[in-house]
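Hello,

Here is the structure I promised to pass on to you. Please open it beside this email, so that you can find each residue as you read.

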Amino acid sequence: MTKIDIISGFLGAGKTTLIKKLLSEAFAGEQVVLIENEFGEIGIDGGFLKESGVEIREMNSGCICCSLVGDFGKSLREVVDTYHPDRILIEPSGVGKLSDVIKAVQGVQEEIDAQLNSFTTVVDVTKCRIYRKNFGEFFSNQIEYAGAVILSRTDKAKPEKIEESVALLRELNDKAPFITTPIARLSGKKILETMEASKSLEEELLDEIICPECGHHHEEGECCGHEHDHEHGHHHDHDHEEHEHHHDHDHEDHGHHHDHDHGDHDHHHDHAGHHHADDVFTSWGRETIHTYTKDQISNILKELEADNSFGNVLRAKGMVAGEDGEWIYFDMVPEEHEVRTGAPEYTGRICVIGAELNEDKLAELFGLA
């Protein structure tokens, strides 16, 4: 089965740089076909990628998402039948709508031995506001339908500019992971894993939570039959409902399906006395580009353990950028914590799981208030 990955973004956003990195680091050993669609008469990027050993099929008579939908299907079938590739990368014209490209792939994937695997948008962090203003719906559509958003130029932009751009883009898509770490610092495999939407930190923690009542680990986020006295609010900074995109793509194939729904909490109990973990526990989490030192993180965790005014904290976990360029990973359970260095993550992530959490105090503790 051929995987199809769509990488969209406006001209100059950094799509070609990303593709070259994926080809050398994430797709090494795979047979990959790149389908480029340049808007206009002449494709300018075709020759640039030939050195990577990728078969280039340029379609220059228009844009995939409008006049080329029919030809696109024929081209896709021809590519699969001729090359039988492991993967097809589609780089649509920057002025196209991502939703239409997704629809075009979906329209033919049933007829060929191929499946839509991911759809990612690359955005220049320094141009978000002006592009949204100047390109309106075309820019917004690329963000709204993205399964992952990669911010380029974050190594050159000021932190305030990055935070402003993330806030603006989150208005359009509050579901997808946003890669804010410069892609040169990430491995191609980490980028691909994020594009394919790995589990959120909250889901990971809920899956491995230890019940304070019985001391057991509960699979699939299911808790035991013990009665719990407290009621918990379920406010989350990022709503973890399933993606409500307006295309028919089944997100379950791409890691977007969550075993616990954080929307209207219509939880189904299979038998009396059993609860889902998110009926019992509450969580607080943030994505952040804030930098820390190991000592700062260690002191934060000590304070979290010692001061019960933050709530009944059962787990804390995160990976954040260090001030010296290293990445700091931390993990905490009551009376025990670990701080270490690790590989760069796609963005800084912090999650705290517990009961009756004081979210304002937690934000203040981590310097994010």
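Predicted model: local features only at pLDDT ≥ 70, side-chain atom pairs only at ≥ 80, totals over all residues.

**Aromatic rings**

There are seven aromatic pairs in the structure. Take Phe 10 and Tyr 131 to begin with: their ring centres are 5.2 Å apart and their planes meet at 45°, so this pair is tilted. Phe 10 sits in the loop between strand E1 (2–9) and helix H1 (15–25), while Tyr 131 belongs to helix H5 (residues 128–135), so the pair ties together parts that lie 121 residues apart in sequence. Both Phe 10 and Tyr 131 are buried.

A second pair to look up is Phe 330 with Phe 366, which is stacked, with 6.1 Å from centre to centre and 25° between the planes. This pair also links distant parts of the chain: Phe 330 is in strand E13 (residues 327–333) and Phe 366 is in the segment after helix H12 (359–365), 36 residues apart.

**Charges over rings**

Which ring does the charged end of Arg 170 sit over? That ring belongs to Phe 178, and the charged end is 4.0 Å from its centre.

**Two packed helices**

Helix H5 packs against helix H7 (residues 159–170) at an angle of about 35°, and their axes are 9 Å apart. On the H5 side, Cys 128, Arg 129 and Arg 132 take part, and they meet Glu 164, Ser 165, Leu 168 and Leu 169 of H7. By type, the residues of this contact are three nonpolar, one polar and three charged.

**Strand E5 and its partners**

Strand E5 (residues 114–124) is mostly covered, with ten of its eleven residues buried. E5 runs parallel to E1, joined by eight bridges, and Ser 8 stands opposite Thr 121 in E5. E5 also runs parallel to strand E6 (residues 148–152), here with five bridges; Val 123 stands opposite Leu 151 in E6.

Enjoy exploring, and write back with any questions!

Best wishes

Terms used:
Residues numbered from 1 in each chain as written. Heavy atoms only, no water. Phe/Tyr/Trp six-rings, centres within 6.5 Å; stacked < 30°, edge-to-face > 60°. Helix = DSSP H or I, 4+ residues; strand = E, 2+ residues; numbered from the N terminus. Buried < 20%, exposed > 50% of the residue type's maximum accessible area, 1.4 Å probe, protein only. Lys NZ or Arg CZ within 6 Å of the ring centre and 35° of its normal. Axes fitted to C-alpha atoms, helices over the stretch in contact; angles between N-to-C directions. Contact = heavy atoms within 4.5 Å. Nonpolar A, V, L, I, M, F, W, Y, C, P; charged D, E, K, R; others polar. Pairing = 2+ DSSP bridges.
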